[in-house]
Amino acid sequence: MYTDNLDSQNTGRLKLLQSMHIDAPLLLALLLLTACGLGVLYSAGNQNIDLIIRQSTRLALAFGVMILMAQIPSQNFKLWAPWIFLLGIILLALVLILGDVGKGAQRWLDFGFVRFQPSEMMKLAAPMMVAWYFADRPLPPRFKHLIVALLLVIIPTMLIAKQPDLGTSLLIAAAGFFVIYFAGLKWRLIGSFGLLMGALTPVVWHYMHDYQRQRVLTFLNPENDPLGAGYHIIQSKIAIGSGGLYGKGWLNGTQSHLDFLPERSTDFIFAVLSEEFGFIGVIILLALYFFIVMRGLVIASRAQDSFGRLLAGSLSLTFLVYLFVNVGMVSGLLPVVGVPLPLVSYGGTSMVTLMAGFGMLMSINSHRRLLRK
Amino acid sequence: MLNRTLIKDLYMEVRMFNVRAIVAALVSIVLICMLLLRLFQLQIIEHAHFDTLSDNNRVRLMSSAPNRGLIYDRNGMIIAENRPTFSLDITPEEVKDIDVTLQQLADIITISERDIKQFKKALRRHKPFQGITLRSNLTESEVAVLAVNRHRFPGVDFKTKLTRFYPMGSSAVHVLGYVGRIDEKELQRVDSSQYTGSSPIGKVGIERYYEKELHGKVGYRKVEVNVQGRVLRVLEETPPEPGKDLILSIDARLQKIAEKAMGDNSGALVAIEPDSGEILAMVSMPLYDPNLFVHGISRKAYSALQKSGERPQFNRALSGQYPPGSIMKPFIGLGGLDSGHVGAHEDIFCEGYYLLPNEERKYRDWKKTGHLDTTMKKALAESCDVYFYQLAYRMGIDRIFSFLDLFGFGKKTAVDSTGERSGLLPSREWKKKTKKTIWYPGETLITGIGQGYMLATPLQMASATATLAKYGLRKQPHLLRAMRDKLTAETINNPVPEHKPVVINSKRQWKQIISGMKEVVHGQGGTARSIGYDLTYKMAGKTGTAQVFGIAQDAEYDEENLAKKLRDHALFTAFAPIKNPKIALTVIVENGGSGGKVAAPIAKQVIDSYLHNNYEQ
């Protein structure tokens with residue numbers, strides 16, 4: 001029923017990977033990226049080996065999840081999509097009703113044995129749902145289908161924004177929007193949508209929490225509040241800028257090792273890399289990310305059905321958005337919105353979600369129906 | 001309708017997707033390029049700016065204070081030193097239980113409620129790795145007890161600081177001056193970068209005049225700190241350069257003898273070595289303790305100083321301007337001999353008063369019955385006023401002015417200390433300028449006996465006496481003999497400026513004046529004969545009595561009934577031995593009354609000690 005990809009049968013090892021439904025270029029890029037990430041984390045965490053062991057364990061788990069996901073035929077994802085989405089919505093509602101409060105926001109569900117962040121699940125469930133919705137409909141979509149799809153995106157986005165978790169809700173909105181985009185949203189509508197967003201900005205501002213507004217204000221002028229909210233951004237820019245072309249060398253970053261850089265193992269780890277490896281290191285890292293995104297788009301364009309194509313395209317672009325938001329935030333291009341650097345920042349949940357997404361990509365790439373020629 | 005919605009055009013869908021994927025890829029490239037541009041801006045274009053900011057974050061310049069130079073007297077005795085004072089510091093992060101530690105510390109040394117309160121207050125403000133002072137100025141026994149028990153108190157440390165200490169207490173306070181905490185005004189006056197590590201600065205006296213030399217050069221340590229300010233390592237170090245040691249011309253033993261001889265009187269004493277101009281002793285009474293000022297004087301102690309009425313901080317030796325009185329007679333006399341207005345053996349008749357031609361006012365002699373026939377020698381020995389009225393009248397104010405000017409009257413001596421004043425040598429021009437009137441002949445007469453407008457500081461009088469003793473040799477009076485550089489162990493003598501000597505027509509005239517001054521002490525009618533009986537050497541002197549207020553015509557002068565404040569100042573100036581003068585000095589006792597009775601014995605004690613090299617008290 002299934003067959004291997006025809007254009008890469010060079011070595012036995014590749015064959016083995018193919019039989020495991022693993023995409024070799026993507027795997028290689030992910031391994032390289034996470035290895036670099038561990039190196040930077042070792043420095044950012046003040047050479048704390050425990051930290052590295054914990055992160056490695058998570059990475060192993062995440063790669064395990066990826067391989068697992070790759071084994072599941074993509075048709076199954078399509079079958080399960082509505083149910084996963086429904087479950088996600090219910091869990092999000094539960095979070096709002098009885099979730100744990102952490103750092104001023106309710107994000108966690110505590111089941112006693114495990115704490116779970118339903119918004120992470122929604123990062124995959126939302127694009128899956130929209131892709132499912134468009135999969136069997138003729139594309140480009142008609143206007144009423146577009147409205148339904150938009151609703152499917154807006155509901156989880158609003159629920160997560162309510163927690164409040166602005167970063168994640170924006171990522172989910174982006175993931176859903178990318179599906180709609182690939183489904184064939186008219187260019188004209190994209191343009192009008194952009195204008196609408198601009199017009200909606202004051203409304204959004206009105207509904208924002210104080211700390212969210214503060215972040216935006218700080219972003220616009222960090223030097224206004226150098227010891228308060230602007231401190232993160234200023235110190236981060238100093239770390240990046242002082243790195244120069246070649247960087248200060250691994251483990252030699254003064255901004256990071258003398259504690260001037262806050263959150264340096266998590267959200268601001270990119271600043272550590274920039275400080276220690278300079279512009280050269282930054283180019284290499286961004287090249288790796290770019291390769292992964294491009295590989296995802298290639299996989300998407302080769303997918304056999306609409307569901308796979310839309311989902312793969314959306315997951316790839318969302319990965320780029322992660323990168324862009326994080327690096328943009330750390331370098332002062334965007335406001336601080338608590339988005340980690342994908343696969344490099346210390347922390348587990350988002351990493352597992354991301355690798356699950358890459359597993360889906362590999363599944364889409366490798367589980368193919370024989371086409372009648 | 002339904003049919004149309006269900007038809008999927010797969011080929012078109014794939015084509016549309018591919019177009020969109022390519023657009024997405026292009027947008028991705030644009031986004032990545034935006035990030036790269038931003039990072040290029042930060043890391044390449046603005047790199048220098050951020051590199052500076054990064055260094056500013058982590059590098060701190062810490063000053064290390066130089067050790068202040070020590071001050072020695074001419075015999076190598078230390079008169080200003082730096083003593084370690086101990087304070088007890090607690091580093092909170094190294095202490096397990098602060099309350100228990102405080103309790104245990106209180107068992108072995110005195111810790112007041114206030115100490116604990118202040119410590120707790122500071123505890124909230126400081127970072128846990130910063131030491132907080134619990135007690136300062138620990139006594140030696142407390143330091144000893146703590147040293148023995150130190151193992152019991154991790155995180156508890158002594159801190160040593162060198163602070164200025166004047167081992168002689170109040171003795172020579174007006175020579176040395178004192179150091180105190182630097183204030184705003186001083187920070188603007190000096191190179192403030194030199195005072196970043198320490199607060200003491202010389203406030204008056206030698207401590208201030210030689211501040212630059214004593215202070216040394218501040219050292220720096222470039223250190224790397226983390227975000228809490230904890231020092232992680234030293235990047236660069238420039239050690240401080242200690243200040244130079246000063247060796248003064250003062251003889252601390254003689255200074256003490258002089259201070260003791262002055263007793264409870266207010267006044268001043270300046271003793272000079274005529275050969276060199278070195279000041280051997282410089283006393284201003286009353287004294288005060290400079291150690292009070294080192295740590296900042298308490299308000300109570302300061303107001304006690306101010307209220308004493310005697311102004312102990314006023315350095316009478318340099319800043320006190322007194323009418324010199326009869327002290328001026330040898331100088332006027334010498335001027336008269338030099339200009340030929342009087343002969344050494346010429347008699348001038350004194351009938352107890354002097355009348356100016358065409359004037360009714362009587363210029364009285366101190367001796368109502370008069371000195372009768374009086375020569376220069378006798379006039380000096382008995383301090384005849386009429387003789388000098390006559391001589392002054394003959395010379396005229398212009399000649400008096402220009403002759404006294406040769407001895408440095410009316411001008412600062414430029415001694416190396418603070419607060420010196422110029423005194424006043426009156427002249428026609430001076431009077432026209434300040435009083436807007438002409439000079440009256442009567443004023444010439446009283447200038448002839450050192451009264452009237454004339455004012456001089458004890459230092460000026462002592463310096464002029466030294467010049468007289470050496471037949472006109474003028475030496476710059478000074479306090480600093482030499483400076484010693486601690487680093488090179490090199491001693492550099494103080495280069496003292498040269499002055500033109502006072503030259504008169506005949507050397508014999510010096511002798512004639514000095515023999516008159518010898519009669520003051522050793523002669524039958526000498527005003528200071530009471531000190532001359534048991535002298536083992538020959539001394540030349542001159543007594544003086546300076547009027548604090550004018551006595552009305554024909555009024556009786558009743559010393560006993562006058563309030564002490566209104567009594568005359570007693571003066572005595574002298575040098576000895578006459579043949580080879582080793583010491584010249586001037587004493588002034590404020591409101592002391594008679595120079596011969598009060599001031600001369602003080603001078604005798606000091607000169608005795610110095611010439612006999614006997615400093616037992």
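Residues are numbered from 1 along each chain as its sequence is written, and chains are lettered from A, and ligands numbered from 1, in the order in which they are written. In this predicted model local features need pLDDT of at least 70 and side-chain atom pairs count only at pLDDT 80 or more, while totals for chains, interfaces and linings use all residues.

Over residues 1-9 of chain A, pLDDT stays under 50. For this stretch the model has nine contacts beyond four places in sequence, two residues being in contact if their C-beta atoms, placed from the backbone, lie within 7 Å. Where pLDDT is low, the predicted coordinates should not be read in detail.

Chain A contains 14 helices and three strands; helices (H or I, at least four residues) and strands (E, at least two) are DSSP runs, numbered from the N terminus. Of the 373 residues in chain A, 49% are buried. A residue is buried if 20 or more other C-beta atoms lie within 10 Å of its own, exposed if 12 or fewer, and partly exposed in between, with C-beta atoms placed from the backbone. Among contacts in chain A between residues at least 6 apart in sequence, 70% join residues at least 24 apart.

The domain assignment divides chain A into domain 1 (23-71 + 223-373) and domain 2 (72-208), with bounds that come from an automatic or database domain assignment. The centres of the two domains of chain A, taken over C-alpha atoms, are separated by 22 Å. Their contact takes 28 residues from domain 1 and 25 residues from domain 2. On the domain 1 side, α3 (49-71), α13 (306-330) and α14 (349-366) of chain A each supply at least two residues, and α13(A) gives the most, with 13 residues. This side of domain 1 has 13 nonpolar, 13 polar and two charged residues. Here Ala, Val, Leu, Ile, Met, Phe, Trp, Tyr, Cys and Pro count as nonpolar, Asp, Glu, Lys and Arg as charged, and the others, Gly among them, as polar.

The contact between the chains takes 41 residues from chain A and 34 residues from chain B. In chain B, α2 (10-45) and α3 (47-58) each supply at least two residues to the side that touches chain A; α2(B) gives the most, with 19 residues. By class, this side of chain B has 17 nonpolar, nine polar and eight charged residues.

Chain B has an open, antiparallel sheet of three strands in the order β1-β8-β9, where two strands pair if DSSP finds at least two bridges between them. Strands β1 (59-64) and β9 (231-238) of chain B stand at the edges with a single partner strand each, so one side of each is left without a neighbour in the sheet. Strand β8 (residues 219-225) of chain B pairs with β9(B) over six bridges, and Lys222(B) has Glu236(B) as its bridge partner in β9(B).

Asn46(A), with phi of about 55°, lies in the loop between α2 (24-44) and α3 of chain A and counts as partly exposed because it has 13 C-beta neighbours inside 10 Å. Ala172(B), with phi of about 65°, is in the loop between β5 (156-165) and α7 (173-176) of chain B and counts as buried, with 29 C-beta neighbours inside 10 Å.

Technical notes: pLDDT = per-residue confidence, 0-100.
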